[in-house]
Structure formats: structure tokens, C-alpha cells
Amino acid sequence: MAGFSYTRADALRDGVLIDVTERAWEASFRIPVAVTAAAWADVVEWPETEPAIQDESGRLCDILFMASVVARAAARLGKRGRITFELCVVPRGGEVPERTQVDLHVGPGDRGEPVATIMEPGED
């Protein structure tokens, strides 16, 4: 009997991963990029009920830019796998940015192709 395998495609379909590939191209990524739902809620999501000092589009752009800088630096240094990086994010209900950490993982996708995932530290 074959074992069960939960694929990246399954996670994208189920909303566990959010595909941001189109926006990632603007930040110089040349591989598919997704953000976990937990990371999205923490560092991208900006409710309409909050003051309009930020929006999701701008927050996503900032995170993708920082992730692309980290990915290029890691590639130059020959680092592979998961890389933790810091960014400043305005918390909900606040106005002053706070440092937070997220992880960038570049690894094989469902067919062995390179893909990137932005996630919370400790997420799989």
C-alpha cells in the first residue's frame, strides 16, 4: 500500500500556502514563491479596520524584497535550505515597526523543481 503524500499543490489548493509568484517576479525571484497561511497572517495581512498606514500589497512587496535579498546573499555564500531573516513590521493596532523573524526555504517542489517558501520560524 502506498503512503499518503501531502504535496505543495495540495497545500496551495487547501490554503495552507498562498501563491505569491507573480508578485515575487517583481522582487527578482525566478522560481515559484509561496507564503504559509501563518506567515501571511503575521507579516502580510492588514485588516481594513486598521488605520491606513499600511496595506497588504505594500507589506507583501517589502517581505518579498527582503526575501530576495536574503536568497541572493545565501546563493553567493553557497548556503542552502532554510534561512531565518529579520524584518520590521508594523503590528496590528500599532504604528511603530517591530522586528520579527521569518524563514525562507528554497528547496524542491512536487516535481523536484526549485521553489521558495516564506514561513514562520518553527513551521514545516
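A salt bridge here is a side-chain nitrogen of Lys or Arg within 4 Å of a carboxyl oxygen of Asp or Glu. This is a predicted model, in which local features need pLDDT of at least 70 and side-chain atom pairs count only at pLDDT 80 or more, while totals for chains, interfaces and linings use all residues. Residues are numbered from 1 along each chain as its sequence is written, and side-chain values use heavy atoms, with hydrogens and water left out.

Select Asp103 and Arg82 first. Their side chains meet in a salt bridge, 2.6 Å from N to O. Asp103 lies in strand β4 and Arg82 in strand β3, so the pair ties together parts that are 21 residues apart in sequence. Helices (H or I, at least four residues) and strands (E, at least two) are DSSP runs, numbered from the N terminus. Asp103 counts as buried, at 4% relative accessibility, whereas Arg82 is partly exposed at 36%. Buried means under 20% relative accessible area, exposed over 50%, and partly exposed in between (1.4 Å probe, protein chains only).

Next, select Glu86 and Arg99. Their closest N and O atoms are 2.8 Å apart, forming a salt bridge. Glu86 is in strand β3 and Arg99 in strand β4, 13 residues apart. Glu86 is partly exposed at 37%; Arg99 is exposed at 64%.

Now show the sheet. What is the order of its 5 strands? The open sheet runs β1-β2-β5-β4-β3, with mixed pairing; two strands pair if DSSP finds at least two bridges between them. β1 (17-19) and β3 (81-89) are at the edges, each with a single partner strand, so one side of each has no neighbour in the sheet. Inside the sheet, β2 (residues 33-36) and β5 (residues 114-119) run parallel and are joined by 3 bridges. Val35 has Ile118 in β5 as its bridge partner.

Contact means heavy atoms within 4.5 Å. Colour the buried residues of α3: Ala39, Trp40, Val43 and Val44. They cover an arc of only 105° around the axis, which puts them on the same side of α3; the arc is that of the directions from the helix axis to the C-beta atoms. These buried residues pack against β1, β2, α4, β3, β4 and β5.

Finish with helix α2 (residues 21-26), where Arg23 and Glu26 lie 3 residues apart, about one turn of the helix. Their side chains meet in a salt bridge of 3.3 Å, N to O.
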